[in-house]
Amino acid sequence: MNRIHIIIRREYISRVRKKSFLIASILGPVLMAAIIILPTYLATRGVEQKDVLVLDESEYFTDVFVPNDELNYEFVDASEEEAKAKLLSEGYYGLVFIPKIDLEDPFGYKFYSGSNPSMSIVNKIEREIDRKVEDMRLELSGLDNEVINSFKVSTDLDTINLSKGGMERSSSSGAATAIGYIAAFMIYLFIFIYGAQCMRGVIEEKNTRIVEIIVSSVKPFHLMIGKVIGIAGVGLTQFIIWIVFSFVVIAGVTAAMGIGGVPATDGAEIMGTPQARQVDPGFVEQALESLGAINFPMVMASFLFFFVGGYLLYGALFAAVGSASDTDADAQQFMLPVTIPLIFAIIMLGAVLNDPDGSLAFWLSVIPFTSPVIMMMRVPFGVEIWELFLSMFLLVAGFIFTTWIASRVYRVGILMHGTKVNWKILAKWFMASN
Amino acid sequence: MDLLRINNISKAFGSHQALEDISVSIPEKSIFGLLGPNGAGKTTLIRIVTKIIEPDSGQVFLQEKEMSAALVRKIGYLPEERGLYKKMKVGDQLLYLAQLKGLSRGEATKRIKDWLEKLDLGAWRNKNIEDLSKGMAQKVQFIATVLHEPSLIILDEPFSGFDPVNADLIKNEILELRDKGTTVIFSTHRMESVEELCDHIALINKSRKILDGSKVEIKNEHREGLYTIEYKGKLPINGEFDARDTEETDAGLVKAVVKDKSGEGPNQLLKKLLREVEIHGFAEKIPSINEIFISKVKD
């Protein structure tokens, strides 16, 4: 046991001291902060106003195209050809051409522009035209706009989580989704990055042949497990640094730029129709309240468990792959089969999200190869405690199982050089007595 | 007393029989040559002794106790293919390997310092292995092998890769260790390189032991009554002396190997030769281990 401790320490310290670890520790949070802050920042800066010509031969739309923050409309009175020439010669963004139309069957609208127009602008213009035509048709049919509007309803379901103890908390599948996605992806990335490190470490020891000296002092299994655990420690350290540092960076930048409630406003505008929804003053509070519906201690604890457990499950397999390879390139052929369950889990995230308590979600979240990713998608929505424990128990059992398989391949593989390894040979190693 | 006893070891890898019923005893405080061509099974035997792999049958005893993980730590092993962590400092690396052998941190640190000074590596302690020359890295690896003061040192092809100066340095260190009571096993296919150092040898060929014992005894057993002579004159061509390998030397003499066919000993042979030619040199031709090996393999 003492010797495993020595190996763990070497694996940990030699990696934590590396420059690349330091760089990743700093860059990680900066990138993460950039991903969160940049869109907000760009949104607050607003978009550059674009000049758009309008040639309205129908003369129905003079009151529709009113200049706003985004688009500055300018009506022209000319032929289509002249307007097109003006567009090109004077550097306008685009030209809306509306021919003389029949309100019963309008067609022939065109949007000319020098480059490919943005989808959002085209949609906006189409919506303006649609609404005007609708209004005019209603008027023709003799219905009053006011009356029509008074019939319109907008329903907003308050979703509330009921717990057995009678507690009521408003829930937000939005917040749960976001947290679930982030957690699932972090675990996926962590397994890949640190699993690969594990593999490369084994290949290095094998190539430099130092492994022969080490296994004349300790059992191959101890070397393997020491490496897997040591690297888990590195990952955990890196993760904690990221979390702490990210909070500092995000809090710092947000405070400095004074962009607190902006994301909510922005979000409302993207999701709803622009004219319809004013930002609810209670929106931010509501968002905070729905965050409160998520059991954070539970999410954090589960995250740490699946983060480490998922890595350990795959780490030993990655080590075994390394032991069967003389170079990184050799390792490729075994990498894919090992990582397929993980990739599958990521692909299935969407389906799980559709029905977080369905049977697909249940099975994928208890089978150890997919459970670390899938369970973390489910936990923020709240899962039955027995499911969580079943998943955890199976993950530990799975880890013991993969480590057992991996160690049998590893102990033979690390001493083999120049063999063209295939699955048959791996099986032979696994079966070898010793 | 024998420090290491290898009893009836057999090992197969699939259909390939790597070792077949090998038994060898290695006396304490000896330098033992485990000799044989490439692929004979030497490295497999060493890996079984160091418990890196298990034999299909047979046992290994160190100091009369069956080999165990704890006992393996009394062995220092220098593998044929040398290697260390490239990006780890010399001092850290030695400390790590010493601790894995069970040495305390304090004791290991002290010994590392002494050994590095002894082999002129003191200034390199905080350098990464990748910054060292190949020869220096090999010296570091030698230190790693002996640092925990093992009672048995196993060196697989120890001199490959060393320049003559360093090879000599290591050779002297090995002799010094032997004088202090350490037993040393050399494994090599270059028999001439260790012949002078070894007290005992075992020859392995095609997974079988074909010869073992004290070097002197083996050589005596394989004496063929051949003598190298240098002379002036003309030896009769007829069969009496069976002169062969005749060649002229720079001094204008003739050098040849003759055989004591009657088996009466060197004095009688010399008397007979003196009747025929003027003798300038006379010495018994003792077979080298290499020659014995080649003749044995041909049998």
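My entries follow, in the order I looked things up.

**Domains.** I kept in mind that this is a predicted model. I started with the domain assignment of chain A, which gives domain 1 as 50-141 and domain 2 as 170-258 + 288-431. Then I checked how far apart they sit: taken over C-alpha atoms, the centres of domain 1 and domain 2 of chain A are separated by 55 Å.

**Cores.** Which residues have the most contacts inside the largest nonpolar core? I found A:Tyr311, B:Leu4 and B:Tyr96, in a core of 158 residues. Helix H6 of chain A (residues 173-208) gives the most to this core, with 15 residues. I also noted another core lying apart from it, of 17 residues, including A:Val54, A:Leu71, A:Tyr73 and A:Ile98.

I went back to B:Leu4 for its contacts, leaving out residues up to four places away in sequence. B:Leu4 touches B:Val24, B:Ser25, B:Ile26, B:Val49, B:Val60, B:Phe61, B:Leu62, B:Met67, B:Leu152 and B:Ile185. As a side note to myself, nonpolar side chains tend to be buried together in soluble globular proteins.

**Sheet.** Next I traced an open sheet of 4 strands in chain A, with order S2-S1-S3-S4 and mixed pairing. Its edge strands are S2 (71-75) and S4 (110-113) of chain A, each pairing on one side only. From one strand to the next, I get an average twist of 25°.

How many bridges join strand S3 of chain A to S4(A)? I count 4, with S3 (residues 94-98) and S4(A) running antiparallel. For one specific pair, I looked up A:Gly94, and its bridge partner in S4(A) is A:Ser113.

Definitions and conventions
Residues numbered from 1 in each chain as written. Chains lettered and ligands numbered in written order. Predicted model: local features only at pLDDT ≥ 70, side-chain atom pairs only at ≥ 80, totals over all residues. Heavy atoms only, no water. Domains from an automatic or database assignment. Core = buried A, V, L, I, M, F, W, Y, C linked by side-chain atoms within 4.5 Å. Buried < 20%, exposed > 50% of the residue type's maximum accessible area, 1.4 Å probe, protein only. Helix = DSSP H or I, 4+ residues; strand = E, 2+ residues; numbered from the N terminus. Contact = heavy atoms within 4.5 Å. Pairing = 2+ DSSP bridges. Axes fitted to C-alpha atoms, helices over the stretch in contact; angles between N-to-C directions.
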